[in-house]
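Please open the model in your viewer and keep the selection panel at hand. The stops below go from one selection to the next, with a description of what is there.

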Amino acid sequence: AGVDANAVRQELESRSAYMKQVIADRAKYKEMIDELAQQLSAFQATAAEHVVLVVAEMERRLSLLSDERAVLKAFPLWPEPKVEAMRDMTARSRELQIALQALDMSKWVP
């Protein structure tokens, strides 16, 4: 007789405090995550500043989760590739701002 992998996984999850918290977060924040997923999927940036603001709000909300990746794994409509692209763009925008601040503009004045 074969071992039911799903049953084994469920048994392990039921004993793990970590998994209990992840499952609790999935239930507690389901509405917020579904709404955020829809908003992010529909979001179309018109400027880098808009992406930075949306990412900041997204990060604020996701910080409520005990383990972002584990919780979001249960949401098939979560736009992970878009979220990662927006996070990357935000990081590059910050790097660019730092580089621009470091430039000595007085050397460029004619």
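## First stop: helix α3

The expected span is taken as 1.5 Å times one less than the number of residues, and helices here are DSSP runs (H or I, at least four residues) numbered from the N terminus. This is a predicted model, in which local features need pLDDT of at least 70 and side-chain atom pairs count only at pLDDT 80 or more, while totals for chains, interfaces and linings use all residues. Residues are numbered from 1 along each chain as its sequence is written, and side-chain values use heavy atoms, with hydrogens and water left out.

Now colour Met32, Ile33, Leu36, Ala37 and Leu40, which are the buried residues of α3. They cover an arc of only 130° around the axis, which puts them on the same side of α3; the arc is that of the directions from the helix axis to the C-beta atoms. Buried means under 20% relative accessible area, exposed over 50%, and partly exposed in between, with a 1.4 Å probe and protein chains only. An α-helix has 3.6 residues a turn, so residues three or four places apart point the same way.

Which residues is leucine 40 in contact with, leaving aside its neighbours within four places in sequence? They are Val54, Met58, Trp78, Pro79, Lys82, Val83 and Met86, where contact means heavy atoms within 4.5 Å. For a distance label, take leucine 40 and methionine 58, which are 18 residues apart in sequence and 8.7 Å apart in space, C-alpha to C-alpha.

Glutamine 39, also found in helix α3, is partly exposed, with a relative accessible area of 37%. Its side chain makes a polar contact with the side chain of arginine 61 at 3.4 Å; such a contact is a pair of N or O atoms within 3.5 Å, and within protein one must be able to donate a hydrogen and the other to accept it, while residues adjacent in sequence count only if both atoms are side-chain atoms.

## Where α4 meets α6

Select helix α4 (residues 48-62) and helix α6 (residues 80-102), which pack at an angle of about 115° with their axes 9 Å apart. The axes are lines fitted to C-alpha atoms, for helices over the stretch in contact, and angles run from 0 to 180 degrees between N-to-C directions. The residues that meet include Val51, Val55 and Met58 in α4, and Val83, Met86 and Thr90 in α6. Glutamate 59 of α4 counts as partly exposed at 29% relative accessibility, and it touches Glu68 and Arg87, not counting residues up to four places away in sequence.

## Last stop: helix α2

Finish with α2, where Met19, Val22 and Asp25 are buried. Seen down the axis of α2, its buried residues fall within an arc of 120°, so they line one face of the helix. These buried residues pack against α1 (5-15), α3 (30-42) and α5 (68-72), whereas the face of α2 turned away from its buried side carries the exposed residues Ala17, Ala27 and Lys28.

Methods. Helices (H or I, at least four residues) and strands (E, at least two) are DSSP runs, numbered from the N terminus.
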